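Work through the exercises below. Try each task before you read its solution.

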Amino acid sequence: MPNPTPVFDDVLAAAARIAPHAVRTPVLHSADLDRWAGATLLFKAEHLQHVGAFKFRGACNAVMALDEAAAARGVLTHSSGNHGAALAMAARVRGIPAHVVVPEGAVASKLANIEAQGATIHRCAPTLAAREATTARLQQQTGATLVHPYTNAHVIAGQGTAALELLSEAGPLDALVVPLGGGGLAGGSAIAAAAGQPGLAVFAAEPEGAADAFESLRQGRHVTDLVPDTICDGLRATLGTPNLALLREHGVTVLLVSDAEVLAAMREAWTRLKQVIEPSSATVLAAVRRYPGHFAGKRVGLILSGGNVDLDALPW
């Protein structure tokens with residue numbers, strides 16, 4: 001990819017590249033949730049994507065974009081779960097090796113997903129420094145291509161295809177809300193929204209316990225020293241540099257939500273939408289409920305990012 005930060009043409013290329021492999025997930029609607037939220041909510045059901053998360057889009061795009069020589073050496077990443085499983089599946093589809101560095105304490109259901117897709121798992125301490133050091137060592141040993149979970153340009157472009165599909169299926173929206181962790185989905189969605197519906201307001205829901213993006217935009221500098229503390233395990237990553245640039249370029253507004261609000265929203269989705277979503281997904285519904293001034297009476301698109309829940313550790 002010529003651009004270190006992708007553009008809309010890259011999202012369109014990604015859509016074509018992953019079309020034979022990814023699920024075109026449905027857009028869901030619940031009149032009960034509309035009444036609960038005071039808005040018309042249209043949910044892009046990425047928890048029904050391969051490996052139960054939107055992450056397959058970006059991982060598939062990155063793997064399928066490799067030339068034959070690079071593909072033969074395999075791919076490598078570090079991941080607490082969903083991206084690792086997604087990369088493992090994409091590599092399995094292409095018939096190449098995959099290595100995934102997993103921190104201790106990863107959610108059991110997400111770890112099982114990685115194992116089920118046939119990747120070689122490498123354990124490390126639960127710190128970003130340990131992840132990066134282990135990944136660097138393995139890359140030197142194997143020659144595998146590093147596919148970063150959210151700063152890789154092909155990954156960002158691939159994630160943007162979910163919003164691209166939502167806009168084509170849901171019709172004109174007043175707002176788009178996506179979960180925010182490392183920023184791959186938020187950045188890709190912002191690119192797709194700016195081209196697909198210019199002027200569309202894009203919001204990113206971020207846990208209060210992992211508010212590095214909110215602070216980065218507020219302080220005007222890239223904040224990287226916050227230690228995440230949130231039930232949203234999929235959103236504990238530090239915002240990437242290209243991802244922050246995309247948030248700024250496209251005027252994305254970050255909305256903070258508490259873990260208590262996330263759990264309440266997650267339960268409402270399970271009860272009213274009849275869908276199993278994970279806490280990271282529920283941030284978007286929590287944001288709509290907490291900030292009615294942005295959403296009341298409007299048509300709102302929401303991306304449900306994943307549904308990989310440890311059923312043995314439910315919070316209710």
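**Exercise 1.** Find how many aromatic pairs there are, and classify by ring centres and planes.

Step 1. Rings of Phe, Tyr and Trp (its six-membered ring) pair if their centres lie within 6.5 Å. By this rule there is one aromatic pair.
Step 2. The ring centres of Phe203 and Phe295 are 4.9 Å apart, and their planes stand at 65°. Planes under 30 degrees apart are stacked, over 60 edge-to-face, and the rest tilted. So this pair is edge-to-face.
Step 3. Phe203 sits in strand E8 (residues 201–207) and Phe295 in helix H14 (residues 292–295), 92 residues apart.

The model is predicted: local features need pLDDT of at least 70, side-chain atom pairs need 80 or more, and totals for chains, interfaces and linings use all residues. Residues are numbered from 1 along each chain as its sequence is written, and side-chain values use heavy atoms, without hydrogens and water.

**Exercise 2.** Decide whether Asn243 is buried or exposed.

Step 1. Asn243 lies in helix H11 (residues 241–249).
Step 2. Its relative accessibility is 0%, so Asn243 is buried (under 20% relative accessible area; exposed is over 50%, partly exposed in between; 1.4 Å probe, protein chains only).
Step 3. Beyond neighbours within four places in sequence, its contacts (heavy atoms within 4.5 Å) include Tyr150, Ile156 and Gly184.

**Exercise 3.** Describe how helix H8 crosses helix H9.

Step 1. The axes of H8 (residues 153–170) and H9 (residues 184–196) come within 7 Å and cross at roughly 50°.
Step 2. Therefore H8 is oblique to H9 (under 35 degrees is roughly parallel, over 145 roughly antiparallel, 65 to 115 roughly perpendicular, the rest oblique).

Conventions: Axes fitted to C-alpha atoms, helices over the stretch in contact; angles between N-to-C directions. Helix = DSSP H or I, 4+ residues; strand = E, 2+ residues; numbered from the N terminus.
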